[in-house]
6 protein chains.
Amino acid sequence: MFRHQKELQYEVKVDRPDPMLARQVQEVLGGQFGEMTVMMQYLFQGFNCRGEEKYKDLLMDIGTEEIGHVEMLCALISQLLEGASPEDQAKAAEDPAIAAIMGGINPQQLIMSGLGAVPTNSNGVPWNGAYIVASGNLLADMRSNLHAETQGRLQVSRLYHMTKDEGVRTVFRKMLARDRYHQYQWLAAISELEEKNGVVVPASFPPEAEMEAQPEAYKLFNLSEGTESKEGPWARGTAQDGTGDFEYVSDPKPKGKAPKPGVPAPELHHDLTASVTDK
Amino acid sequence: MFRHQKELQYEVKVDRPDPMLARQVQEVLGGQFGEMTVMMQYLFQGFNCRGEEKYKDLLMDIGTEEIGHVEMLCALISQLLEGASPEDQAKAAEDPAIAAIMGGINPQQLIMSGLGAVPTNSNGVPWNGAYIVASGNLLADMRSNLHAETQGRLQVSRLYHMTKDEGVRTVFRKMLARDRYHQYQWLAAISELEEKNGVVVPASFPPEAEMEAQPEAYKLFNLSEGTESKEGPWARGTAQDGTGDFEYVSDPKPKGKAPKPGVPAPELHHDLTASVTDK
Amino acid sequence: MFRHQKELQYEVKVDRPDPMLARQVQEVLGGQFGEMTVMMQYLFQGFNCRGEEKYKDLLMDIGTEEIGHVEMLCALISQLLEGASPEDQAKAAEDPAIAAIMGGINPQQLIMSGLGAVPTNSNGVPWNGAYIVASGNLLADMRSNLHAETQGRLQVSRLYHMTKDEGVRTVFRKMLARDRYHQYQWLAAISELEEKNGVVVPASFPPEAEMEAQPEAYKLFNLSEGTESKEGPWARGTAQDGTGDFEYVSDPKPKGKAPKPGVPAPELHHDLTASVTDK
Amino acid sequence: MFRHQKELQYEVKVDRPDPMLARQVQEVLGGQFGEMTVMMQYLFQGFNCRGEEKYKDLLMDIGTEEIGHVEMLCALISQLLEGASPEDQAKAAEDPAIAAIMGGINPQQLIMSGLGAVPTNSNGVPWNGAYIVASGNLLADMRSNLHAETQGRLQVSRLYHMTKDEGVRTVFRKMLARDRYHQYQWLAAISELEEKNGVVVPASFPPEAEMEAQPEAYKLFNLSEGTESKEGPWARGTAQDGTGDFEYVSDPKPKGKAPKPGVPAPELHHDLTASVTDK
Amino acid sequence: MFRHQKELQYEVKVDRPDPMLARQVQEVLGGQFGEMTVMMQYLFQGFNCRGEEKYKDLLMDIGTEEIGHVEMLCALISQLLEGASPEDQAKAAEDPAIAAIMGGINPQQLIMSGLGAVPTNSNGVPWNGAYIVASGNLLADMRSNLHAETQGRLQVSRLYHMTKDEGVRTVFRKMLARDRYHQYQWLAAISELEEKNGVVVPASFPPEAEMEAQPEAYKLFNLSEGTESKEGPWARGTAQDGTGDFEYVSDPKPKGKAPKPGVPAPELHHDLTASVTDK
Amino acid sequence: MFRHQKELQYEVKVDRPDPMLARQVQEVLGGQFGEMTVMMQYLFQGFNCRGEEKYKDLLMDIGTEEIGHVEMLCALISQLLEGASPEDQAKAAEDPAIAAIMGGINPQQLIMSGLGAVPTNSNGVPWNGAYIVASGNLLADMRSNLHAETQGRLQVSRLYHMTKDEGVRTVFRKMLARDRYHQYQWLAAISELEEKNGVVVPASFPPEAEMEAQPEAYKLFNLSEGTESKEGPWARGTAQDGTGDFEYVSDPKPKGKAPKPGVPAPELHHDLTASVTDK
């Protein structure tokens, strides 16, 4: 069960409205790696968690914090839209300077939401559930979480330079700091889990089952001409878990045959009889 | 520019058709973490790569290999569907044993593709471009790649137990071995990049800009009751890059005010005048 | 079966082209509450209607009218795009005044449709079937219809101020008037149905089944700090159907336990054994 | 800012697992009118609220409650999946009784989430942001909320009969009771707002602007043959706000002309010259 | 403007309900090539038509007919669902024979629509506007129409064998016949347009502009090993419009250089400096 | 299995960056008929091909070429974005000339991809698998391929006029030439297949099954007022395969009855009892 406090986690106070920026900020609210994504991802991972309480509690701590980040970004976007008006669009047909601004805005923030944040990315594509991951395997999910915070901080970094508004930048700085913490945090969780179970996910797939395929687990196939990739730590030395040595295969050959699927039943209407017979 | 060889990378030969399994396997072809995802992700990262040749070459090596994995899974699915027929559905209305099988199939594999693989997941949702990531930041993308191979191998592991067909399992074992290598490989790339630039992405965001927000980068806020999460490496000790010490905040307080967005222009038709005045 | 008449329901004649407005108008054609939505919603409700003829006939009357509204908006958008040309984009690279206009247009209206309306919203997101509702319960669907006309009229009202073009405004006024009628109409239908069956949908869920949960049907839980919501008609007095009295619960407590899902089978590869045992 | 309590709002305890039901229940978690929808809808309306505190507080009370409902349904689905295993699928290829069950499950609940709830509907379509509404107009949004609770309660009513499991039914009864309260609640808010501003949304569109279109606001056009719809309260008497009298138009005529869009610029490549000239 | 007649274009009368078939039939109602697609495609092409009246009238004739086909399929699906009930699902948990049937149904046809057709395909994916095409170029669109009727008839052919119900088959036969006519019809339109403008679309792209690229317009590049494709009419002889001779290029070479995109501005945070310098 | 060569198929060298154009070009990369579509469509058709080797080889030749076209367009877009910077957005808030440019760009090309191509169309909608077709029927698929190349060339033609950049135009000319060849090629394949099997797809649907519906296969129903469509080759003369004569039906009548679906079980909660009884 959840509870809400009216105050925001951090202060949100823009210097001046900027409807174009309001559109851009949507990316880190409702985009692939926006706050809606980390919020829903941590909550689903926490809700579905089977096993260790300390991870579940951590997920619920952060997931709950992220609901508040969605709240903060909605407040930010509302302030950036303050004063935007349908009349501006009418003027835009006559005045290129206004047209320049109106062209860069998200029309749905006027027409659909009446100056509010929308649950979409910066191009108006609605947020969707396929952005999130909750696989049941803790290490798999922690890697997803690290990745999400990585992309999130990268995107806020870029947005930071897209405005000179000190009020907006102050909010972004807080978000950057939190995304930094969240990177540390998932890194720490990952280290702990890798120490226990090894670096390959899932750890529990029976090694004997993989036996005959084993040699394939250490080869880099040179399928793009040029051998620059040979010069990396993935092409020489021993695998991180010491189970084998990496091998660079300069001229890989196929090991399978060309596929020859059978001719389907006539009720599938491939029309093959006619076209095949006399050729 | 690309070239194609008719033979498959690995041999694909199922013991017997199994249309229900054909549906499940779609998850690792056209799902969030299927082969279409890694194929398109590595190709886009490679195509967009600005900078180091050795990473670009690596991305193109693996991306090109993954096109071949999509090819292998299509061959596998075709074989699993071999012999499936529309007539079975007609019989299903009369015979529960056949109905049991037909209920579990993907009707589109009959009606739409005539026994072929489809570019969708196991529930028929079309693959889409928002599954992939190509951010321009190498460490960010390598973390995404590690994560994708992690989820991919986890899903194939689960599928492995969903069939006793040795032919199918042989294909899965090859995929598991390759997904293992790809985890090693991205881990190696990540280590190299983290050594150069540190573990926080992006490394280049000017630290002085973040200054006043600095303290927020080391705190775990206890927003979910219970203190189990206090017992992890993310709540004590020093951050991985030595820039500060973690702090567990037992009873976090909001630092912002409750938001008070202004009243919008009347042409936005919030109808506030009437409803606001006398309450 | 349907028939088509070449004339439009109302005259459509814009004063002058305005490609930026052509993009905005897409919202009320192919957006969540655009004419495509009400058209498909009323037709599906009518086609699926089981029961009263008078409602079915009403749905078919209005659904058929709405096909004609889609037609009108396509005509409007075509006129607003008249004269727009790919060459303008080439000039935009050199002239900011033209760039201002071109930046605000929908590139697909040039590239994809060659100056025609497209089945998308104002941000280019394709219309989709999940926008519509046809539940089989008449009162449920009439509430959906009232809501759709409510949002539709609100959006057209906002668009109305986004242009000074009297030709466009004349079309919008007709649409506003029709949306007004449709609100009256669904309100009338709703009143009639609520009188028969009561205000709670579905009316037919057996009250005895809900018995032990009954008390939960009258409580407002104060889960967001502050007690402003206590001051509304939903927090005091008797429920609309007289079955109970509203109660404001100032400090609600959970009534369930914390969930403890079981540990899954090892073939699901949660990797829990290793990570769980020694912590 | 939000906080989380580990206990669930209501007790969730199923009598026995039922993976087929686990799939169906997804509809009221991640479907068009599932708990994710009401949760996100009330939160966005609350976050974006400009104006009255008592409505904002109400939205935040209920939005916060709904996060807890998502949590409850995730717990319910986890329990229904308890014990489901990939091995069952392997057996299904040989045993129709097991095939019958496996055919009805959602393969993603095994492969993707490892026995957890997924952010999709009962057919596996991911939840998306276009399911929700936050328009800025209070009456418009309250009608949306009433509608959402209406469809939500209808769907849970149907699901209620799809199981005999008393543990599941107890959870559903609590949800039905809450959905009943929420219908009362939004009805009360709607009454209050309609009393102030009238029943037509938006109330603030200037009546003088609509003047010449006025007569269109009271007519029912008989566009579907048959006159059954004439027999409803929408076709006779006075509009709810007393501004005019309804009129049934038996044989409506178009008032516009057939549209004649102009021939586009040659760079749009309609290829009209050749095809038009000599016909 | 449109009008509706209550009678269906063709009689729809199934012999007996079959909820599994009800799900499959959704493919040709709301799938990629279902009746919703041809209906919306022809209507949009007709609405957007600039130029010849005879094509516009044809598009409106057929588009209007297709609205009636959507109506027929909704009637068909309603009849196939007749009698299906939520209680069956409850029984399915105990009886595999019933489970077999329930596993194959679309749960949304019970929960969401209460036994009605839904605007989705056979896997529950909502119909969307990106299925349709209205490009403004008549020949381009006629090819799309021919293709849509081709896929549509193919899918109905397959469905035909999926039932032995003579009532259903009678409906399908009517649809097959109409789809046959529509193939004839678009073929006739295509012949007429190709005679005027030639076979390459668009005809109007200035040939002199393409001049230096001309030779590329006749070559088949052998990029997949094996030379079977050399044996087709596309690899020898003269192009259909007599403008050049086909050429089979056995060992095609790239004509471009490897791309070297520049290093981006530091505010984009590619983190390249650190990682690039010493490698 | 596939291999990659570092050089591009054709040279890509723009004269100068143009971020607005970079957005437009996305349409022919990741739009409905962009290079991603033809690439994935030909590869899936090739992978799924059952039957003739010469067609399979052809599909693999062209499919493999198209991967290289995706690569070329990514290179083109990268060059068009060269030098674009987040700082420009900050300046845009102050300078309308810069705002004009920034309004027309795709914000995701800055924030999400850091100046790279994205797998979306020109409005930012992600590419999805429902754009492609692989039906198993060769003639059906060749018609789809011809159509895809038709729309593709049409769109590139329009884009060609949207820039004066000779470097960009040179790339487009190569694409136009290749799209021309691909139209020839699919036309040749279509002719060959139509000669064998006739023009109606599928050819194999048993004619005797369609018998009683036969007359419906030659009629044009005049459902849109006006008789212009009577003047086409589809309304007179003999069908292309000589099986019957076309007929123009001036005043078509429905042949079915108005549908009367039965009243559903009470557990579906249509609430009909109450509302039906006394009316």
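**Note on chain contacts and domains**

1. The C-alpha centres of domain 1 and domain 2 of chain A lie 37 Å apart. Domain 1 of chain A covers 19–197 and domain 2 covers 207–249. These bounds come from an automatic or database domain assignment.

2. The model is predicted: local features need pLDDT of at least 70, side-chain atom pairs count only at pLDDT 80 or more, and totals for chains, interfaces and linings use all residues. Residues are numbered from 1 along each chain as its sequence is written, while chains are lettered from A and ligands numbered from 1 in the order in which they are written.

3. Chain D meets chain C through 96 residues of chain D and 97 residues of chain C. Contact here requires C-beta atoms, placed from the backbone, within 7 Å. On the chain D side, the elements giving two or more residues are α3 (53–81), α4 (86–92), α7 (138–160), α8 (166–197), α9 (207–210) and β2 (219–221). Of these, α8(D) gives the most, with 14 residues. Helices (H or I, at least four residues) and strands (E, at least two) are DSSP runs, numbered from the N terminus.

4. That side of chain D, facing chain C, holds 43 nonpolar, 27 polar and 26 charged residues. Nonpolar means Ala, Val, Leu, Ile, Met, Phe, Trp, Tyr, Cys and Pro; charged means Asp, Glu, Lys and Arg; the others, Gly among them, are polar.

5. The same surface serves both copies, since 100% of the contact residues of chain D recur in chain F.

6. The contact of chain D with chain F takes 7 residues from each chain. The chain D side comprises 2 nonpolar, 3 polar and 2 charged residues.

Note on methods. Two residues are in contact if their C-beta atoms, placed from the backbone, lie within 7 Å.
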